[in-house]
Amino acid sequence: MSGRLIGVVGPSGAGKDTVMRGIAAAAPRFGLIRRTITRAPGLGGEDYDAVIDAEFDARRDAGDFAVYWQAHGLRYGIPQATVARVREGEELLVNLSRGVLHDVAARFGTFTVLHITAQHGTLARRLTVRGRETSADIARRLSRPTPAMPDGLTVITVSNDGAPEDTVHEALNLLTRDSAP
């Protein structure tokens, strides 16, 4: 494959979607992948295709997803067309779960992980403002231990505690350096 898939990971509230949109806006060579999620429509944060479980199952069974997974009570899929887009040379960003990173790397070959981090207080503030979860859900989410990044992958880590444009600039700089021959 001549392009690259960039899997963006990090805790909820780290600003993954904000950073991804910022990268795509600053450098149009980076595209965004729209995920299919078994989440109600219009909850913000990212553009996604909202589906019910039965539709997700039907699309999965029809081979519509290059990769799919379950996390936090929801199911996620990335379109099968992503494989062709990367093969044709596109550099694409997609919000992923750590649990599928090795599967994605095996499927796409040219793969980089962009790990977005933020301090506990920053995460708590952002999750509260986002308003998709109760305070009890947020507390549970924040109390979970952070799993280690899987071995054997190219990982770029940036902190998103400051201004989002600073994080975007740093991530873009590191991603561009990482793709240089």
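Contact here means heavy atoms within 4.5 Å. The model is predicted: local features need pLDDT of at least 70, side-chain atom pairs count only at pLDDT 80 or more, and totals for chains, interfaces and linings use all residues. Residues are numbered from 1 along each chain as its sequence is written, and side-chain values use heavy atoms, with hydrogens and water left out.

Asn 160 lies in the loop between strand S9 (155-159) and helix H7 (164-179). Helices (H or I, at least four residues) and strands (E, at least two) are DSSP runs, numbered from the N terminus. Leaving aside residues up to four places away in sequence, Asn 160 touches Ala 14, Gly 15, Val 19, Ile 116, Thr 117, Ala 118, Thr 122, Arg 126 and Thr 167. Buried means under 20% relative accessible area, exposed over 50%, and partly exposed in between (1.4 Å probe, protein chains only).

Asn 95 is found in strand S7 (residues 91-95). At 6% relative accessibility, Asn 95 counts as buried. Its side chain makes a polar contact with the side chain of Asp 17 (3.5 Å). Beyond residues up to four places away in sequence, Asn 95 touches Val 8, Lys 16, Asp 17, Met 20, Arg 35 and Trp 69.

Notes:
Polar contact = N/O pair within 3.5 Å; in protein donor to acceptor, adjacent residues only side chain to side chain.
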